[in-house]
Amino acid sequence: MKQKTHKIISAVVILLLAIGYLVKFGGPPTLKLYIETSMGNCQKRPILCLAPVTEILNPKINQDYLNGLKQYKFPGIALGMPADFKIIKGETFKSYSKRMLRKKSPGNVAYLLYEEPRFFANLFPQVQRQSVQDNYAFMLRVMSGRTQEINNVTDAFFVIMKTIFVPYLGEGPEIKMVKFILNENAGFINYSLSASGNYFDCNIIDSQDNFFKVYIKDASATLSLEKVLAIISTVKKTTVN
């Protein structure tokens with residue numbers, strides 16, 4: 001895990017050095033062109049042009065639906081999920097590519113991730129100079145990153161992080177992003193809905209700055225945003241070994 005993380009950090013640092021060179025000698029237009037060429041543009045990766053504008057505040061949760069969820073506990077994270085979903089506990093920077101999903105998990109599957117408070121700020125200490133001191137602030141900057149608003153190395157960094165942290169969201173006609181508050185938890189959901197399957201990328205931060213990711217591939221297309229909000233309302237930190 002540590003070796004993989006160090007490789008990712010090294011790659012990002014090298015890329016940022018190249019970006020710094022472009023800013024110095026080419027300016028923002030050249031920088032934007034470089035990012036779009038290497039990371040993708042709004043047409044190829046719509047998420048790169050989205051920001052968390054829509055906000056959901058403490059929605060009403062269907063208690064009957066909650067009661068029907070199967071409870072799972074892993075190191076760092078516990079939650080309830082529909083019984084027909086395969087649950088996989090993942091690691092930071094794991095690749096959630098289209099090829100991997102089809103090869104390893106053809107049905108309904110949920111990937112879970114837990115990281116400790118201040119994990120991302122400590123992983124990339126340079127962002128602390130940008131008032132990014134905790135997991136929520138880091139994820140807010142990541143989700144707010146948009147290619148059309150790249151003007152400096154910091155902007156480029158968070159767009160790059162967005163390509164890393166937001167997994168594959170299917171081939172639905174439209175990808176949406178919402179910001180939410182659920183009691184003492186807050187975060188961001190990126191999702192797409194289509195007849196061929198629904199995808200939900202849920203990033204949750206609790207009041208203690210614990211970070212949870214719940215990435216759902218709903219191949220049966222039975223989940224709605226309301227049901228997913230009910231699911232993530234059950235997310236909590238656990239000390240299970």
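Start by selecting β8 (198-205) and β9 (211-218): these two strands pair in the antiparallel sense over 8 bridges. Here strands and helices are DSSP runs, numbered from the N terminus (E, at least two residues, for strands; H or I, at least four, for helices), and two strands pair if DSSP finds at least two bridges between them. Strands of a sheet pair through backbone hydrogen bonds, either parallel or antiparallel. Before you go on, note that this is a predicted model, where local features need pLDDT of at least 70 and side-chain atom pairs count only at pLDDT 80 or more, while totals for chains, interfaces and linings use all residues. Residues are numbered from 1 along each chain as its sequence is written, and side-chain values use heavy atoms, with hydrogens and water left out.

Now click on C202. Its bridge partner in β9 is V214. Is C202 buried or exposed? C202 counts as buried, at 0% relative accessibility (buried is under 20% relative accessible area, exposed over 50%, partly exposed in between, with a 1.4 Å probe and protein chains only).

Time to look inside. The largest nonpolar core has 36 residues, and F138, M139 and M161 have the most contacts inside it. Such a core is a set of buried Ala, Val, Leu, Ile, Met, Phe, Trp, Tyr and Cys residues joined through side-chain atoms within 4.5 Å. Which helix gives the most to this core? That's α7, with 7 residues. Zoom in on F138: leaving aside neighbours within four places in sequence, its contacts (heavy atoms within 4.5 Å) include F120, F157 and M161.

Last stop: select C42 and C49. They form a disulfide, with their sulfur atoms 1.3 Å apart (the cut-off is a pair of cysteine sulfur atoms within 2.5 Å). C42 is partly exposed at 24% relative accessible area, whereas C49 is buried at 15%.
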